[in-house]
Amino acid sequence: MKDQITATQTEALARIGEVEDARSLEDARVAILGKQGSLTQLSAGMRDVPKEEKAEVGQLLNAARQAITSALEEKKAGLQAIADAKALEGIDLTLPPRPLHGGSLHPLTLIRDEAIQILRRMGFALAEGPEIEDEFHCFDALNTPEDHPARNEKDTFYFDSGKLLRTHTSSVQVRTMETEKPPVRIIAPGSAYRRDEIDATHLSVFNQLEGLYVDTDVSLGDLKGTLEYFFHELFGPETDVRFRPHFFPFTEPSFEIDVKLHVKGQAPKWIEVAGCGMVDPAVFESIDGNRKDDAFDPAAVTGFAFGMGLDRLAMIRWGIKDIRLLIENDVRFLKQFA
Ligand code: DAH
């Protein structure tokens, strides 16, 4: 038995030594250590070894197994090293690498995330709604009558089904009030669509950020304080912000907000960035009419709403002269934000 073990070990190590590829190495492993392998079969013979020799023979067998296993491992590593070297053959490692172009966030994403962060600090939660809307959520529920110019076919993208691409994110106000109860404090960033002529300050697909706050005692002071704070956080405490009386069907009173835009080499000018106002009781009425719980009773709740153009905010933030730069994806423009 002892001689047999020594012979098997010698034979096995010789076979492993001769192997030249991974496939035959695996064959060798199976032939030696597999179920029917030479060493395995020898181990089975332990049964017939006389008791007094068992310890010695057992040790010999273990030593053989260890020697074979480490020879297999060594061979495997050796073969891998040869394969690696082969893979690198003909590759000049001294060549300088091509420069890596790291991606970076688009300015619109940057400004959107920053706006969200500021508003979340003030307790606003994110909300969303569909971009393909119906007239009810986009107009009727927002106190915008049938003959309002915003509903004109020439101003809005209508589908044959009567649905439309939302002209503002204000529809999310309605969607939120349909499912939530006051107090409601939400913001909804997203795309809006209009049949505008494209020029330096207009796109037909643009980005808005809507806000809505409804509770029992929301005042115009809250509206002004919130938005002034927001713009000062976003553009710096020195930034000029003004509220101009305006009209929106869904707010009363309503305002437009302008921020002073500074572009190098140009005289500073006011640029309109947002609309806002106190939610018109008629909006609460249309929501409440469709609910059974009177949650938005116009006699009990008040609120303010605002909608801002994210593209405009980006233009002000970085002094961008032409809004079209934001959609052209010219790398020379984009890499300035990396
Ligand atoms: N939806 C308006 C627009 O697209 C912006 C707006 C004005 C939103 C007043 C509001 C608001 O929430 O209160 O021009």
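User: Which residues of α10 are buried?
Analyst: This is a predicted model, where local features need pLDDT of at least 70, side-chain atom pairs count only at pLDDT 80 or more, and totals for chains, interfaces and linings use all residues. Residues are numbered from 1 along each chain as its sequence is written, and side-chain values use heavy atoms, with hydrogens and water left out. Helices (DSSP runs of H or I, at least four residues) and strands (E, at least two) are numbered from the N terminus. Buried means under 20% relative accessible area, exposed means over 50%, and partly exposed is in between, with a 1.4 Å probe and protein chains only. In α10 the buried residues are L310, D311, R312, L313, A314, M315 and I316.

User: How many of the nine residues of α10 are buried?
Analyst: Helix α10 covers residues 310-318. It is mostly covered, and the buried count is seven.

User: Is Q208 buried or exposed?
Analyst: Q208 sits in strand β5, residues 205-215. Contact means heavy atoms within 4.5 Å. Beyond its neighbours within four places in sequence, Q208 contacts H168, T169, A188, P189, G190, A192, R194, M308, G309 and L310. Its relative accessible area is 10%, so Q208 is buried.

User: What separates the C-alpha atoms of Q208 and T167?
Analyst: The two residues are 41 residues apart along the chain. Their C-alpha atoms are separated by 10.0 Å.

User: How are α2 and α4 oriented to each other, parallel or antiparallel?
Analyst: Helix α2 spans residues 22-33 and helix α4 spans residues 51-87. They pack with axes 10 Å apart, at an angle of about 170°. Axes are lines fitted to C-alpha atoms, for helices over the stretch in contact, and angles run from 0 to 180 degrees between N-to-C directions. Angles under 35 degrees count as roughly parallel, over 145 as roughly antiparallel, 65 to 115 as roughly perpendicular and the rest as oblique, so α2 is roughly antiparallel to α4.

User: Which residues of α2 and α4 make that contact?
Analyst: From α4 come R65, I68, T69, L72, K75, K76 and L79. From α2 come A22, L25, R29, I32 and L33.

User: How many residues in the contact of α2 with α4 are nonpolar?
Analyst: Ala, Val, Leu, Ile, Met, Phe, Trp, Tyr, Cys and Pro count as nonpolar; Asp, Glu, Lys and Arg as charged; the others, Gly among them, as polar. The contact has four charged residues and one polar residue. The nonpolar count is seven.

User: What covers the buried residues of α4?
Analyst: The buried residues in α4 are V57, G58, L61, A64, I68, A71, L72 and L79. Their cover includes α1 (2-18), α2 and α3 (38-44).

User: Which residues does L42 contact, leaving aside neighbours within four places in sequence?
Analyst: L42 is found in helix α3. It is buried, with a relative accessible area of 9%. The C-alpha atoms of L42 and L61 are 8.3 Å apart. L42 is in contact with M1, Q4, I5, T8 and L61.

User: How far apart are the C-alpha centres of domain 1 and domain 2?
Analyst: Domain bounds come from an automatic or database domain assignment. That assignment gives domain 1 (2-88) and domain 2 (107-337). Their C-alpha centres lie 75 Å apart.

User: Where does P183 lie?
Analyst: The peptide bond from P182 to P183 is cis, with omega near 0°. P183 lies in the loop between α7 (171-179) and β4 (184-193).

User: What is the relative accessibility of D294?
Analyst: D294 lies in the loop between α9 (281-289) and β9 (302-309). Its phi is near 60°, a positive value in a residue other than glycine. D294 counts as partly exposed, at 49%.
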